[in-house]
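Subject: Structure handover

Hello,

Here is the structure I promised to pass on. Please open it first, then read my notes below.

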Amino acid sequence: ATGTYLKGKIIIGTCTYSGGPIGQRSAEDLSGSLVKAGLKLMRFKTGTPARVDRRTLRTDEMAKQEGDKDGHAFSFLSERKDRNKECCWLTFTNEETHKIIRDNLDRAPMCNGIITGIGPRYCPSIESKIVRFADKKRHQLFIEPEGESTEEMYVQGMSTSMPADVQYAFLRTIPGLEDVKIMRPGYAIEYDCLDPTQLTPWLETKKISGLFSAGQANGTSGYEEAAAQGLMAGINAALKVQGREPFILTRSEAYIGVLIDDLVTKGTNEPYRIMTSRSEYRLILRQDNADLRLTQKGYDLGLVTQERYDRFTAKKKAIEEGIAALRAISVTPSKANLEKLERLGTAPIHTAITAYDLLRRNDVDYEALRTVFDLPELAADVEEEIEIMIKYEGYISRQMEQVEKMNRLEQKKMPTDIVYADIDTLSAEARQKLDEIRPLSLGQASRISGVSPADITALLIVLEQHSREEKNHVSQ
Ligand SMILES: Cc1cc2nc3c(=O)[nH]c(=O)nc-3n(C[C@H](O)[C@H](O)[C@H](O)COP(=O)(O)OP(=O)(O)OC[C@H]3O[C@@H](n4cnc5c(N)ncnc54)[C@H](O)[C@@H]3O)c2cc1C
């Protein structure tokens with residue numbers, strides 16, 4: 001997990017030097033030894049905006065952005081409500097800002113050939129935005145506090161590697177930043193990373209047994225991406241030492257599954273970021289049900305504390321009881337019931353239905369139902385879960401059918417000794433890609449770019465022949 005330190009190169013204008021972020025040293029020799037061991041490296045780039053002094057901002061010229069009033073906790077154990085005391089400030093670039101950037105493009109490492117690494121598509125530098133979206137009159141910026149105990153503010157949206165004097169000049173054209181003092185200038189950093197198709201789905205390098213890799217070193221960018229891979233590589237390194245089977249999360253179980261499957265199956269030619277749109281099962285992969293999807297797995301691995309597990313089982317039980325109670329209440333179109341529905345502000349019924357069916361309605365929620373029917377009092381997260389499960393039941397079950405269909409392909413395991421070069425019914429590109437990736441299942445094979453549906457049909461036939469031969473072998 002070498003981050004951006006592998007042959008890290010810091011770039012600010014024409015000033016470049018070997019180094020990692022925050023004044024740390026880069027790892028200069030590791031890249032060479034990885035290449036010598038037969039690993040393929042790529043060169044990527046990322047960047048950051050200037051950090052500016054809170055005391056030099058004219059906040060009355062910017063729009064205040066308060067934090068969420070009722071924020072959700074990241075952890076299912078957390079009950080803290082005392083967050084978001086700090087606020088951000090919204091402001092915009094303007095024609096003058098853009099002119100200064102355009103006039104100095106010859107000093108912009110992004111444009112004058114100093115930077116050769118490939119940067120993240122979803123957080124381009126301000127100079128890239130000015131060049132790429134030349135028709136835009138302004139760009140939105142959020143001035144965000146770096147923390148409660150620092151005066152440093154982060155100029156979100158203004159990532160740059162232009163010289164410090166240019167950074168000063170363009171920042172001071174922005175409303176609210178006219179007197180701004182830079183505490184640390186923005187910079188770009190280039191670094192080496194592994195082509196992730198050289199990794200197994202449990203993040204071990206295929207070439208070097210026992211070498212696991214995670215984070216930015218696998219071609220991703222971002223805190224969550226790195227943390228997710230670090231967790232999985234750590235789990236799998238420990239399982240390997242214990243002689244146990246690898247632990248893999250599938251695409252329908254977790255975004256971690258989507259992230260790692262994308263990396264090791266498709267690879268990436270730019271810093272990869274996970275986004276909900278990368279998943280084909282977004283209705284199932286929700287933040288509200290992350291505990292229901294993953295706590296049992298963590299517990300089986302020995303990574304979930306008893307306290308967390310007990311909370312999880314209690315929540316699951318409460319959900320089941322709440323659903324059972326809703327199903328048990330039959331609502332007939334009696335005068336008393338019709339009055340109750342009127343009080344809820346929902347349409348009358350003409351035949352008997354259950355409270356469960358009533359909850360499907362857009363204008364009815366669990367709390368409202370509880371005011372008129374005999375339903376148990378539930379925790380807010382349990383109510384939320386029940387409402388989502390019932391209101392979206394039709395869509396969710398349709399998506400579950402797709403998951404089942406795909407699972408049938410995932411369960412068709414590819415023999416480890418298969419020689420793709422010998423399968424002449426495959427296209428030349430498929431033979432090459434399959435040999436490179438060596439997918440674990442037919443499902444994974446189907447996601448490799450360059451492997452067509454016709455290639456999958458050819459592989460299905462090969463797998464059937466293979467299992468027939470195996471059966472014959474056993475019966476002989
Ligand atoms: C300037 C900048 C701004 C960023 N902004 C954001 C952002 O706003 N949001 C976001 O989500 N992500 C951001 N990122 C990306 C995010 O920081 C990284 O993707 C993430 O931290 C990568 O985690 P990692 O564990 O892979 O590596 P790192 O967090 O970089 O950790 C690597 C560690 O390895 C150590 N190390 C390296 N080489 C050696 C060696 N040879 N021996 C021993 N130790 C070594 C380093 O000291 C470091 O502690 C930014 C990155 C940079 C550089």
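Strand β1 (residues 9-12) pairs with β2 in the antiparallel sense, over four bridges. Within this pair, I10 stands opposite Y17 of β2. Two terms need their rules. Strands pair if DSSP finds at least two bridges between them. Helices (H or I, at least four residues) and strands (E, at least two) are DSSP runs, numbered from the N terminus.

Before going on, note the source. This is a predicted model: local features need pLDDT of at least 70, side-chain atom pairs count only at pLDDT 80 or more, and totals for chains, interfaces and linings use all residues. Residues are numbered from 1 along each chain as its sequence is written, and side-chain values use heavy atoms, leaving out hydrogens and water.

β1 and β2 belong to an open sheet of four strands, with antiparallel pairing. The order is β2-β1-β10-β3. At the edges are β2 (15-18) and β3 (41-48), and each pairs on one side only. On average, neighbouring strands here are turned by 20° against each other, direction ignored. For such angles, axes are lines fitted to C-alpha atoms (for helices over the stretch in contact), and angles run from 0 to 180 degrees between N-to-C directions.

The other sheet

Six strands form another open sheet, also antiparallel, in the order β5-β6-β7-β8-β4-β9. β5 (63-65) and β9 (182-184) stand at its edges with a single partner strand each, so one side of each has no neighbour in the sheet. Neighbouring strands in this sheet are turned by 35° on average, direction ignored. β5 pairs with strand β6 (residues 88-92) over three bridges, in the antiparallel sense. There, K64 has W89 of β6 as its bridge partner.

The whole protein

The protein has 16 helices and twelve strands. Its C-alpha trace spans about 75 × 75 × 45 Å along the principal axes. Of the 476 residues, 43% are buried (under 20% relative accessible area; exposed is over 50%, partly exposed in between; 1.4 Å probe, protein chains only). Now take contacts (heavy atoms within 4.5 Å) between residues at least 6 apart in sequence: 68% join residues at least 24 apart.

Last, the charges. There are 65 positive and 71 negative side chains, and the centres of the two sets lie 2 Å apart. Lys and Arg count as positive, Asp and Glu as negative; His and the chain ends are not counted. Each charge is placed at NZ of Lys, CZ of Arg, CG of Asp or CD of Glu.

Best wishes
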